[in-house]
Amino acid sequence: MAMLAFRTTLLKKFLPACGIISSASLCALAMLVVSAAAQTRANVGYEHLLPLSGARAMAAPGMPSRYIGPGSCSATACHGGVQPQKSTSVLQNEYSTWVVQDKHSRSFTVLSNPVSKRIARILGLPAPNTAPRCLACHSLNASSAEKGREFAVSEGVSCESCHGPASAWLGPHVEHSWPHAKSVALGMYDTKNLISRTEKCLTCHLGTPEKKVDHELIAAGHPDLVFELDSFQAVEPKHWIEKTSDPLFGVRAWSVGQAVQLKEGLNRLARNAKGPVWPEYAELDCFTCHHSLTDPSKSWRQEIGYHNRRPGNPPWNASRYVVFRHLVQVVSPDNAKRLDDSLAKVEMLVAQLNPNKEELAKAAEEGADVAGRISHQLDGVSMQREQTVRLMKSISADADNISRQGERVAEQAAMALDSLYIASHGGAEGGARSAINGLFQQLENPSAYNPHQFAAQMRKVNSVVR
C-alpha cells in the first residue's frame, strides 16, 4: 500500500471523494453489492438484466450490436465474482471492482449533488441528471435504437461505455476458442490496443465535437480536464490483466498515452479555432489568470516575464507536450523537430488572442498528425530500465523550464516521473520514492503553486534517481 500513497493523493486531487479500499473491505463490500443486486432483480422482476447466454445473446445476423447494460456482465461465473481468479484469462471480478471501487460507477450520482445542480442552473440546463450534455459523459446514455433492452442511465459509466455494445458478442466471447478479433468485428471496442484505449478515455477526459468541457462549463463550476493514462489506470483501479511480455509496460502506457493525448488535444484546438467562439479559454493556461494575488515584489510570474507574448495575454496550455518532449527527442528526433516547429507556431498564434484562425487550425492539425505518427511508433517500443532512468534524469534536470511553465505542466511532470519510477523500480521505497511524493505535495494548492519550490523538489528527484 505504500507504493499507492502518491496515487491516493493524486486520486483525491483529480477525482475527489473516491478512496482506496483494502482488499478485505473490497471482498466484503462486493459480496454485499452482488448479493443485493441479485436480490433486487428477484424482487422486482429484473430477470431481463441477468446475463444472456448462447444464441439469446447474439444479435440477428447483419444487425448491429446493441447496448444491453452492465447487469449482463454481473454473474459470478462471468465478471461478478468477489475474489480475482488466477487460473483464468480474466479476473472474473471485474464487475465487482467497478461497482465497489471505480468512480465511473458513481458518475451519474455526481449529477445530483449541489455543485452539479448549480452548474445546470447557471447554464440554463434542465436537471443535470436529465440533461443530454451531462449524461453524454456521466452515463451510458444510449438512444432507444441503440439498446437491445432497457437499462438505467443511473448505473453511470459502465462496461459498455468503454467496451462497446455487447449484444452481438456477449454470448460467444466466453467460448475458449473465440478470438478477440471476432468480438471486435462484432462491435467490441479494442481496449487491448493502447492507442485505441487512450482515444476512448479521452472522449470524455478531453472531449469530442459532441462532448465538450469548454470555458463556459468550467466557469460554471465543472473541473478542468486533466489526464495521464498510466496514473489514471492505476487509480481506477485496474480491473483487467495486462497481457504483455513487456516488463516495463507502464513506460509504454505513459508514452503512448502522452502522444495520443497531445494528438487529441491539438485536434480539439483546431476544432475550436474553426468554431464560432475564440478565444476558447479552455485551451489556455488556467492559472495564468486564476491564481492567488500577491504583492508585485513577490510575483514569480512577473519575475519570470512573458516569453514571446504580450503581458496580460494568457499562454496556450502546453502541459501535454513540455514533459513528453523529452521522450520524443530520444526516440524520434526528426519528428521532435517537426513537432517543435508546429507547436512553436501554435504557441505564438494562441498568445495573440485574435490570430489568423485558419493558420492556427492548420498548425494544430500539423502537430496532431505528427503526434499521431509518434504514438504508433511508441506503441512498438519496449523501454529498458536504463533508458527509463535516463528519461527520468532528463525530465527532472529540466526543473527550471518545466516549473516556470506553470502548475498544469508541473502536474504532468509529477505524474510522468511517478509512472516511470513505478514501472522501472516497482514498489521500491527510499529517497527517490520520497522525493517524487514531495512533487505531489507541491501541487496540493494549485493557486499557491511556487515554481522555485517545485524546481528544487525536481532537483532532489534528479539527485536520487538511480
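A: Begin with one residue and its surroundings. Leaving aside neighbours within four places in sequence, L269 is in contact (heavy atoms within 4.5 Å) with W278, E283, W316, V346, V350, L360 and A364.

Q: Which residues have the most contacts inside the largest nonpolar core?
A: In soluble globular proteins, nonpolar side chains tend to be buried together. A nonpolar core here is a set of buried Ala, Val, Leu, Ile, Met, Phe, Trp, Tyr and Cys residues joined through side-chain atoms within 4.5 Å; buried means under 20% relative accessible area, exposed over 50%, and partly exposed in between, with a 1.4 Å probe and protein chains only. The largest such core has 76 residues, and L269, F324, V346 and M458 have the most contacts inside it. Helix α12 (residues 249-274) supplies the largest share of this core, 12 residues. A second, separate core has 8 residues, including I119, V213, L217 and A220.

Q: How is the model to be treated, and what is the mean pLDDT of the chain?
A: This is a predicted model, in which local features need pLDDT of at least 70 and side-chain atom pairs count only at pLDDT 80 or more, while totals for chains, interfaces and linings use all residues. Residues are numbered from 1 along each chain as its sequence is written, and side-chain values use heavy atoms, with hydrogens and water left out. The predictor's confidence in each residue, from 0 to 100, is the pLDDT; its mean for the chain is 89, with 87% of residues at 70 or more. Over residues 14-30 the pLDDT is below 50, and this stretch has 29 contacts in the model beyond near neighbours in sequence. Residues 35-57 also have pLDDT below 50, with 29 contacts beyond near neighbours in sequence.

Q: How many helices and strands does the chain have?
A: Helices (H or I, at least four residues) and strands (E, at least two) are DSSP runs, numbered from the N terminus. The chain has 21 helices and 0 strands. Of its 466 residues, 49% count as buried. Among contacts between residues at least 6 apart in sequence, 72% join residues at least 24 apart.

Q: How do α15 and α16 cross?
A: Two packed helices are described by the angle between their axes and the distance between the axes. Axes are lines fitted to C-alpha atoms, for helices over the stretch in contact, and angles run from 0 to 180 degrees between N-to-C directions. The axes of α15 (residues 333-350) and α16 (residues 357-378) come within 9 Å and cross at roughly 150°. That makes the two helices roughly antiparallel; angles under 35 degrees count as roughly parallel, over 145 as roughly antiparallel, 65 to 115 as roughly perpendicular and the rest as oblique. The crossing of α15 past α16 is left-handed. A crossing is left-handed if the near helix is turned anticlockwise from the far one by less than a right angle, and right-handed if clockwise. Among the residues of α15 that meet α16 are V346 and V350, and among those of α16 are L360 and A364.

Q: At what angle do α9 and α12 pack?
A: Helix α9 (residues 194-205) and α12 pack at about 50°, with their axes 9 Å apart. They are therefore oblique to each other, and α9 passes α12 in a right-handed crossing. The contact includes L194, I195 and L202 of α9 and F249, V256 and V260 of α12.

Q: Is α20 largely enclosed or open, and why?
A: Of the 11 residues of α20, 8 are buried, so α20 is largely enclosed by the rest of the structure. Among the buried residues are R433, N437 and F440.

Q: Where are the cis peptide bonds and positive phi values?
A: Most residues other than glycine have a negative phi, and most peptide bonds are trans. Here a cis peptide bond joins E236 and P237, with omega about 0°, and another joins W278 and P279, with omega about 5°. P237 is in the loop between α11 (229-235) and α12; P279 is in the loop between α12 and α13 (300-304). Q92 is not a glycine but has a positive phi of about 70°, and counts as buried at 16% relative accessibility. N308, also not a glycine, has a positive phi of about 55° and counts as exposed at 61%.
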